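Student: Hey, could you load the model and walk me through its pockets and salt bridges?
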Amino acid sequence: MMQPSELAEVPFPPAPWRMSGECWGGLVKADRDVPCPAPWKPLLSSRMAMVVLMRYRAGTLQYDELMVGPLVRHGLHVGLWIPHIWVTSEASLWGGRRMWRLPKELATFTWEEGRVRVADASGPIATFGMNQRPGFWPPLPVPMPGVGGAPGGWTTFVGWMSARLAPGGLRVEEWSERFPFRLQGPASWSVRAHPMSITVPGPTVETAF
């Protein structure tokens, strides 16, 4: 599989993106501090990472996605800092890089009953187990704040999800040594959103805080 630097750029839809499918999210303890870029600071423990798995089955684009990063804060801004993100769609890759300044890479997602394996051209990235029970609460609105970019050009955005929620049962079964930290075992907290729909608006670019 080619890396983004070797791929020809493809067209991508303008924001907002409106999609539906299912999602798992959870907080997992790390064996060391999860890097957090200045001026952002950890919102929770510096040794907690957020893992988000998305399966977009309908809408603007259809693809799978894995995001890993710390929850961060700066002043009144809070969100998920997204230094690690993989997708199965070239249009999503280029849209993420060009609009939200997210470092998206291509990967394959192999789904089995209660498990998914994620890998790229360099090899395995991670394997996760999860619950697959449908949500049982009435649909709830859930904000999904994110942070992308770098010093001199941060992006902030808030996706809005409507979903039925259930316990996620998210657990890390395999983890690549390419990460600067290690995640292992069950999440301290996790949730499954199914069915879910989400709208992701264009970003606000913050040149200074």
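Predicted model: local features only at pLDDT ≥ 70, side-chain atom pairs only at ≥ 80, totals over all residues.

Student: OK, what volume does the largest pocket have?
Tutor: The largest pocket comes out at about 670 Å³. It has 37 lining residues, and Val52, Leu80, Pro143, Met144 and Pro145 are the closest to its centre.

Student: Which elements give two or more residues to that lining?
Tutor: Those are β1 (17-29), β3 (48-59), β4 (63-69), β6 (77-81), β12 (140-148), β13 (154-167) and β16 (189-200). Strand β1 gives the most, with 6 residues.

Student: And how does the lining of the largest pocket divide into nonpolar, polar and charged?
Tutor: You get 31 nonpolar residues, 4 polar and 2 charged.

Student: Now the second largest pocket. How much space lies in there?
Tutor: About 180 Å³. The second largest pocket has 14 residues in its lining, with His84, Trp86, Glu105, Asp120 and Arg178 nearest its centre. Strand β7 (residues 84-87) gives the most to this lining, with 3 residues.

Student: What's the split by class for that one?
Tutor: The lining of the second largest pocket has 7 nonpolar, 4 polar and 3 charged residues.

Student: Why does Leu44 count as partly exposed?
Tutor: Because its relative accessible area is 44%, and partly exposed covers the range between under 20% for buried and over 50% for exposed.

Student: Switching to the backbone: which peptide bonds are cis?
Tutor: Ala15 to Pro16 is cis, with omega near 5°, and Pro16 sits in the segment before β1. Ala38 to Pro39 is cis too, with omega near 10°. Pro39 lies in the loop between β1 and β2 (41-42).

Student: What about phi of Arg101?
Tutor: Phi is near 60° there, a positive value in a residue other than glycine. Arg101 is in the loop between α1 (90-100) and β8 (104-106), and at 38% relative accessibility Arg101 counts as partly exposed.

Student: Last topic. How many salt bridges are there in the whole structure?
Tutor: A search finds 12. One of them pairs Glu65 with Lys104, at 3.4 Å from N to O. Glu65 is in strand β4 and Lys104 in strand β8, so this pair ties together parts that are 39 residues apart in sequence.

Student: Are Glu65 and Lys104 buried or exposed?
Tutor: Both are buried. For another pair, take Arg117 and Glu112, which meet at 2.8 Å, N to O. Arg117 is partly exposed at 35% relative accessible area, and Glu112 is partly exposed at 38%.

Student: Which residues are linked in a network of salt bridges?
Tutor: Glu22, Arg57 and Arg192 are linked that way.

Note on methods
Residues numbered from 1 in each chain as written. Heavy atoms only, no water. 1 Å grid on protein atoms, 1.4 Å probe; cavity = no way out; pocket = protein on both sides within 12 Å on 5 of 7 lines; lining within 4 Å. Points joined across faces, edges and corners; volume = space filled by probe spheres on them. Helix = DSSP H or I, 4+ residues; strand = E, 2+ residues; numbered from the N terminus. Nonpolar A, V, L, I, M, F, W, Y, C, P; charged D, E, K, R; others polar. Buried < 20%, exposed > 50% of the residue type's maximum accessible area, 1.4 Å probe, protein only. Salt bridge = Lys/Arg side-chain N within 4 Å of Asp/Glu carboxyl O.
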